[in-house]
Amino acid sequence: MSEQSAEQNMDNLNQVTPDVSDTSSEQAFLDQLRQNIDAVDCEIQTLINNRAKLAQKVAVVKKSHVANSANAPTTNPIFYRPEREAQVLKAVMARNTGPIADEKMARLFREIMSVCLDLEAPQRIAFLGPLGTFTHAAALKHFGKAADTVPLTTITDVFREVEAGTAMYGVVPVENSSEGVVNHTLDGFLSSTLKIIGEVELPIHQNFLVAEHTKIDGISRIYSHQQSLAQCRHWLDVNYPNVERVAVSSNGEAARRLKNEWHSAAIAGDVAAAEYDLHKLYANIEDNPSNTTRFLIIGHEAVAPSGQDKTSIVVSAHDKAGALIEILKPLSKHGVSMTSIETRPERPNKWAYVFFIDMDGHMQDANVKAAIDDIRPLVKDVRILGSYPKAVI
């Protein structure tokens, strides 16, 4: 069936209301709808493969460009372009007409893009593990399921793996709307030259999970990470007030433990449920339904402007009164909106501190560049951690 005839048949079917009292008429209508679905499926499959072939050609061009460059022995082609992917996803949502919701449509394209990128060059992504954690979910949300995701034990390990080139990119948590900043991640940048190349915002929905062999009436222990137990405290007090709560290293570890225990449950997210083949006895049990965690994507290369970006810097200030006010004045002067600021000790110096500042805009934007240039003479050091696209989905 041609594209034109498929569209014509769809228009005709949209104008027809089947006579549900006539079984044969209803069946004929359903058969025609299914034929149209089959025709559309064929078109979609052809177009996806055409997109994949174009992605392969992009890879050939990039490899050829690097091979012909003067720095060929030390330069590798960059296949993952955060700004390009952000622009594509925003365009998908902008032109979407429904009935599929904008974000769901963008998620479909996210997976198509992930498969196409895997054809160009498989992407190895390190993340704070184990499998089934919310960081794992963030990695899949940002890179898609075609990426090769590798769980590591600590945030330091993620930085080290990316620095060594064993992983192309890393995913680490940086702040939670309820629990605050993740200091280990901020400290990682103080001893690393890696850049921030992207961000992911993940709504944190906690589920009460059981295994197939769990005896629901005999649950006597609930595993989860300490933060997740705290985020579900009220729900647990109401529904399981007398059951032991056991804090473990991660929600993934909590889910894993159910494999060999019939009397236990776990609190974790959707990825953990899928990874360990668990059943959601209760969904979305968190006390704060708007709880969200922000994750950073770390890598080596600078990112071009996408049109909707953030810039992160770390500032080492002089030890004097009013130092922070001096730092913030250039932002106000040049109309740069600061989105967050955090303070960390400047090791190994005693009683010295650095400021992590996030702001709207890209470092190539005239006002952002002017603000940073004005800050430099006021402080001991300014390092741009990266300019990167704002989270899209």
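## Tyrosine 80 and phenylalanine 143

Tyrosine 80 counts as buried, at 2% relative accessibility, where buried means under 20% relative accessible area, exposed over 50% and partly exposed in between, with a 1.4 Å probe and protein chains only. Phenylalanine 143 likewise counts as buried, at 3% relative accessibility. This is a predicted model, in which local features need pLDDT of at least 70 and side-chain atom pairs count only at pLDDT 80 or more, while totals for chains, interfaces and linings use all residues. Residues are numbered from 1 along each chain as its sequence is written, and side-chain values use heavy atoms, with hydrogens and water left out.

Nine aromatic pairs are counted under the rule that rings of Phe, Tyr and Trp (its six-membered ring) pair if their centres lie within 6.5 Å, with planes under 30 degrees apart taken as stacked, over 60 as edge-to-face and the rest as tilted. The rings of tyrosine 80 and phenylalanine 143 have centres 5.1 Å apart and planes at 50 degrees, so this pair is tilted. The pair links distant parts of the chain, 63 residues apart, with tyrosine 80 in the loop between α2 (23-67) and α3 (82-95) and phenylalanine 143 in helix α5; helices (H or I, at least four residues) and strands (E, at least two) are DSSP runs numbered from the N terminus.

## Nonpolar cores

The largest nonpolar core has 24 residues, and those with the most contacts inside it are Phe143, Tyr169, Val171, Phe295 and Ile297; such a core is a set of buried Ala, Val, Leu, Ile, Met, Phe, Trp, Tyr and Cys residues joined through side-chain atoms within 4.5 Å. At least two residues of this core come from each of β1 (124-128), α5 (134-143), β3 (169-176), β5 (195-203) and β11 (292-299), and the largest share, six residues, is supplied by α5.

Beyond its neighbours within four places in sequence, phenylalanine 143 is in contact with Tyr80, Arg110, Ser114, Ile125, Tyr169, Val171 and Ile297, contact being heavy atoms within 4.5 Å.

## Other ring arrangements

One aromatic cluster is formed by Phe208, Trp235, Tyr240 and Tyr282. Arginine 95 lies over the face of phenylalanine 109, at 5.9 Å from the ring centre, and the charged end of lysine 215 sits over the ring of tryptophan 262, 5.2 Å from its centre.

Aspartate 358, in strand β14 (residues 353-360), is buried, with a relative accessible area of 9%. Leaving aside neighbours within four places in sequence, aspartate 358 is in contact with Arg294, Thr311, Ser312, Ser337, Met338, Thr339, Ser340 and Tyr388.

In helix α13 (residues 366-375), the buried residues are Val368, Ala371, Ile372 and Ile375. These cover an arc of only 95 degrees around the axis, which puts them on the same side of α13, the arc being that of the directions from the helix axis to the C-beta atoms. The cover over the buried residues of α13 includes β12 (309-316), α12 (323-333), β14 and β15 (381-389).

## The chain as a whole

The protein chain comprises 13 helices and 15 strands, and buried residues make up 44% of its 393 residues. Among its contacts with a separation of 6 or more, 75% are between residues 24 or more positions apart.

Conventions
Lys NZ or Arg CZ within 6 Å of the ring centre and 35° of its normal.
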